[in-house]
Amino acid sequence: MTPSSLNSLIYSLENNISNLERYVDFLEMLVWIASAAVVIGVAFELLVVVHEYKSDLRGWRRGSICSPEKPSRSMFAFELLGALLVTLGVAGELWVGIVSGNRNSELRDKNRTLVGLIRQQAGNAERVGGEASERAARLEDRARSAERLQREAESRIAIAEQLTAEASLETARLRKSMMARRLTGEQRSALRSLLRHQPLSVTIVSKFMDSESTDFADDIEGALKDAGWNAYRIKNHVGRSTGVQMGTVQPRDTGAHDLIRRFSDALRSVGIDNAITDFKDGDSTISPPFQAHILYLVVGDSPAIKEIRDGR
């Protein structure tokens, strides 16, 4: 390869490396934008949580069972917008991580090629002698600069891989957080058909300040009322229960076991996993406390969401 063609190739390669570096810098800016979208989305979610807390607090202070308030469209829009921003932000970070990794890999390959060409040019210069020696020294400096650029490119690749792994983890957590328990129309219809021939009275308990537990309990309440049951609601449970539990206060009433078992089997048949347990008389994790001769259905934390909160 002639010196002129070698110089042209090096010049062209340096331009390509410079363009790739500018593009990688632009991708890093996009990471900040995506992170900001996640932060804003979480802020919207917090606004909705505070609003739901105030609404539940007003209902608790009334101290009576009444029809649910009309859902707020603005809060629904805030919650939906928050989830959308978080999803877009995480997806953006994942996309930037993948693209940045590809571009940094390309940048590393070009830097390696540039190092080889510069060393080849330096070798040719050494054979010329005289003035070429000084030029060879300058080219050696350029080679060291190229090696430094290569190390920087490898460092950027490591950062991009870390961002990709974090984005994948955040995506998995987000999917789990979206696994809210709700009854479908088919489940409500099936439950109504199973229980309408043996109507009973039941008190349905949900977690305090937990919209997911409250919504799921409301769905079950609606299905039981459709089946002719007398369903009462308590929304201030502060215990650490997980999943759905049902039972009465110890000692259990005669004949209550068979009724509870049939109720439990009916819930299981429509896909609601549950456990039969005995509650303690006077247990103050709800208000009013647990009492004898009352059938309770306690809707605790969602197992999937509890895993996220525990950092699993």
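Me: What makes the largest nonpolar core, with its 25 residues, a core?

Reply: In this predicted model, the largest nonpolar core holds 25 residues, and Val202, Ile220, Leu224, Phe263 and Leu297 have the most contacts inside it. A set counts as a nonpolar core because its members are buried residues such as Val, Ile, Leu and Phe, joined through side-chain atoms within 4.5 Å.

Me: Which elements each supply at least two residues of this core?

Reply: Helix 4, strand 1, helix 5, strand 3, helix 6 and strand 5 do.

Me: What does Ile220 touch, not counting residues up to four places away in sequence?

Reply: Ile220 touches Leu183, Ile204, Ile272, Leu297 and Val299. Each is a contact because heavy atoms lie within 4.5 Å.

Me: Why is Asp210 called a cap of helix 5?

Reply: A side-chain oxygen of Asp210 lies 3.1 Å from the backbone nitrogen of Glu212, at the N-terminal end of helix 5. The limit for a polar contact is 3.5 Å, so the 3.1 Å pair qualifies. Just after helix 5, Gly228 takes a positive phi of about 90°.

Me: What is the reach of helix 6 from its first C-alpha to its last?

Reply: Helix 6, residues 256-269, has 14 residues and reaches 20 Å, close to the 20 Å expected. Among its buried residues are Ala256, Ile260, Phe263 and Leu267.

Me: Why is the aromatic pair of Tyr23 and Phe26 called tilted?

Reply: The ring centres of Tyr23 and Phe26 are 6.4 Å apart, and the planes are at 35°. Pairing requires centres within 6.5 Å, and tilted is the class left once planes under 30 degrees count as stacked and those over 60 as edge-to-face; the pair is therefore tilted. Tyr23 and Phe26 are three residues apart in helix 1, so about one helical turn separates them.

Me: How do you know that Tyr23 counts as partly exposed?

Reply: Its relative accessibility is 29%, and partly exposed lies between the buried limit of 20% and the exposed limit of 50%. Phe26, at 40%, also counts as partly exposed.

Me: What makes the pair of Trp229 and Phe263 tilted?

Reply: Their ring centres are 4.8 Å apart and their planes are at 40°, so this pair is tilted. Trp229 lies in the loop between helix 5 and strand 2, and Phe263 in helix 6, so the pair ties together parts that are 34 residues apart in sequence. Trp229 and Phe263 are both buried.

Me: Which residues form one aromatic cluster?

Reply: Phe279, Phe290 and Tyr296 do.

Notes
Residues numbered from 1 in each chain as written. Predicted model: local features only at pLDDT ≥ 70, side-chain atom pairs only at ≥ 80, totals over all residues. Heavy atoms only, no water. Helix = DSSP H or I, 4+ residues; strand = E, 2+ residues; numbered from the N terminus. Expected span 1.5 Å × (residues − 1). Buried < 20%, exposed > 50% of the residue type's maximum accessible area, 1.4 Å probe, protein only. Polar contact = N/O pair within 3.5 Å; in protein donor to acceptor, adjacent residues only side chain to side chain. Phe/Tyr/Trp six-rings, centres within 6.5 Å; stacked < 30°, edge-to-face > 60°.
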